[in-house]
Amino acid sequence: MKKVFLGFSGLRASSELRCTGGEHLFGGGKVSFFHILQSEALGLFNLFFPSSCLLCGTVHKKSTPKSFCTRCLDKIPPLLPPFCPRCALPYPAEEGSIHLCGECIREEPAFVSVYAAGIYEDVLRRAVHRFKFQGRSELDRPLARLLADKLLQAEDFSPELIVPVPLHPSRLRERTYNQALLLARCLGQMLEIPVVPRLLMRTRPTPSQQGLRAGERRLNQKGAFSLRGSMTGRRILLVDDVLTTGATIRECARVLQHGGALEIRVSVLARARRGASFSESD
Ligand SMILES: [Zn+2]
Ligand SMILES: [Zn+2]
């Protein structure tokens, strides 16, 4: 069983080496002649082809290529308490005791908690839209890196398998890729946790969730997923890009729990506030 703990710097360093698209070329240890050559070559490459922020296009001044500039990173709205301890719904009040939201009281979710890289607003919302709807699949690693950093800080985080929220084949044909699967694969590499892509399947296409209220979204997703195989006793990390009303995630988690999963946690790039407007379904 694989466990990931906060502060396991060796794991963090090795995962960055493989999965940040060249953000960290050197992970410590002896510097070989090959490394020096690599560094020189990179310096020359950056001189002629300076890297730029994937969101705002600002050319990075430093020689170390990064996916996002510091200004964009600073604008990612953090998910800060108070929020629902189960579904991470942010509360409008800045202060208050920890308590479940109405939706989680009404129907206890099958998942234990939700990890998110930030709130679905501002720069994070734009990044998710580009990644999900504008064909910018190359955003998978840098966005997954944001999420992996959050997960590595979670003390009680110890999943055995990563399961992406599936797309129905008809939607996959339209979009050409499943953004949740891309994220899951990157997270799997970064955290060294196996990814199981075809365990959870969408058995019917669900109409767009746009404009539907929470109850209608729940009905929309009911019975839309099935499980291929047993999950008995397994700890699962369910991965998706955005959590809005949570209808999709709640239904996926319910199916996984029904299949015997011992513990289900959820990780998403962005957690939406209640009543957030969407141009596309979640
Ligand atoms: Zn930027
Ligand atoms: Zn909740």
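Guide:
**Helix H10**

Helix H10, residues 247-258, has 12 residues and reaches 16 Å from its first C-alpha to its last, close to the 16 Å expected at 1.5 Å a residue; the expected span is 1.5 Å times one less than the number of residues. Helices (H or I, at least four residues) and strands (E, at least two) are DSSP runs numbered from the N terminus. This is a predicted model, in which local features need pLDDT of at least 70 and side-chain atom pairs count only at pLDDT 80 or more, while totals for chains, interfaces and linings use all residues. Residues are numbered from 1 along each chain as its sequence is written, and chains are lettered from A and ligands numbered from 1 in the order in which they are written.

Because 9 of its 12 residues are buried, H10 is largely enclosed by the rest of the structure. A residue is buried if 20 or more other C-beta atoms, placed from the backbone, lie within 10 Å of its own, exposed if 12 or fewer, and partly exposed in between. The buried residues of H10 are Ala247, Thr248, Ile249, Arg250, Glu251, Cys252, Ala253, Val255 and Leu256. Just after H10, Gly260 has a positive phi of about 105 degrees.

As for the whole chain, 37% of its 282 residues count as buried, and there are 10 helices and 6 strands. Mean pLDDT, the predictor's confidence in each residue from 0 to 100, is 79 for the chain, with 73% of residues at 70 or more.
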